[in-house]
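Please read it with the sequence and the coordinates open alongside.

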Amino acid sequence: MRIRPQQPTGNAYAQACEVTGFSRLLFVSGQVPADASGKVPAGYPEQYRLAWANVEAQLAAAGMGFDNLVKVTIFLSSRDLIAQSAGLRQQVLGDCSPALTIVIAGIYDAAWLLEIEAVAAA
């Protein structure tokens with residue numbers, strides 16, 4: 001399988017991703033910044049990393065990792081969080097460049113500052 005980012009931005013996302021030679025797709029439901037016991041960290045950076053850790057756990061359960069990501073949608077509770085997001089995303093994803101959409105939305109639980117859904121291919 002090959003995932004080829006189209007016009008990578010250097011900010012851990014691409015304008016598009018072409019996927020060839022794959023045999024499996026994984027659709028990851030929105031992952032929230034809560035741990036297995038339901039605890040939600042107070043700060044945005046901690047919530048951001050935890051939500052991504054939850055995405056990573058779903059990928060791992062399917063034998064995949066961040067390199068398999070082709071599309072990510074991040075729902076933020078406020079525009080004020082946008083500036084922090086790019087740097088945090090780069091820290092988490094490194095050189096991975098999936099297609100990305102960020103949406104400002106009312107989040108299901110007021111304690112959650114974000115939710116992340118993803119599509120991966122293998």
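In which strand is T73 found? T73 is found in strand β4, which spans residues 69–76, and since the model is a predicted one, this placement, like the points that follow, describes a prediction.

- The side chain of T73 is joined to the side chain of K71 by a polar contact of 3.4 Å.
- When residues up to four places away in sequence are not counted, T73 touches T101, V103, E115, I116 and E117.

**Helices α1 and α2**

- Two packed helices are described by the angle between their axes and the distance between the axes.
- For helix α1 (residues 44–61) and helix α2 (residues 82–93), the axes come within 11 Å and cross at roughly 40°, which makes α1 oblique to α2.
- The handedness of the crossing between α1 and α2 is right-handed.
- On the side of α1, the contact is made by Y44, P45, Y48, R49 and W52, while α2 contributes Q84, S85, L88, R89, Q91, V92 and L93.
- Sorted by class, the residues in the contact of α1 with α2 are seven nonpolar, three polar and two charged.

**N54 in helix α1**

- N54, which is found in helix α1, is buried, its relative accessible area being 18%.
- A polar atom of the N54 side chain lies 2.7 Å from the backbone oxygen of V32.

**L81 in the loop between β4 and α2**

- L81 is placed in the loop between β4 and α2, and, with a relative accessible area of 9%, L81 is buried.
- Not counting residues up to four places away in sequence, L81 touches Y44, L76 and L113; of these, Y44 is also one of the residues through which α1 makes contact with α2.
- The C-alpha atom of L81 is separated by 33 Å from that of R24, a residue that lies 57 residues away along the chain.

Definitions and conventions:
Residues are numbered from 1 along each chain as its sequence is written. This is a predicted model: local features need pLDDT of at least 70, side-chain atom pairs count only at pLDDT 80 or more; totals for chains, interfaces and linings use all residues. Side-chain values use heavy atoms; hydrogens and water are left out. Axes are lines fitted to C-alpha atoms, for helices over the stretch in contact, and angles run from 0 to 180 degrees between N-to-C directions. Helices (H or I, at least four residues) and strands (E, at least two) are DSSP runs, numbered from the N terminus. Angles under 35 degrees count as roughly parallel, over 145 as roughly antiparallel, 65 to 115 as roughly perpendicular and the rest as oblique. A crossing is left-handed if the near helix is turned anticlockwise from the far one by less than a right angle, and right-handed if clockwise. Contact means heavy atoms within 4.5 Å. Ala, Val, Leu, Ile, Met, Phe, Trp, Tyr, Cys and Pro count as nonpolar, Asp, Glu, Lys and Arg as charged, and the others, Gly among them, as polar. Buried means under 20% relative accessible area, exposed over 50%, partly exposed in between (1.4 Å probe, protein chains only). A polar contact is a pair of N or O atoms within 3.5 Å; within protein, one must be able to donate a hydrogen and the other to accept it, and residues adjacent in sequence count only if both atoms are side-chain atoms.
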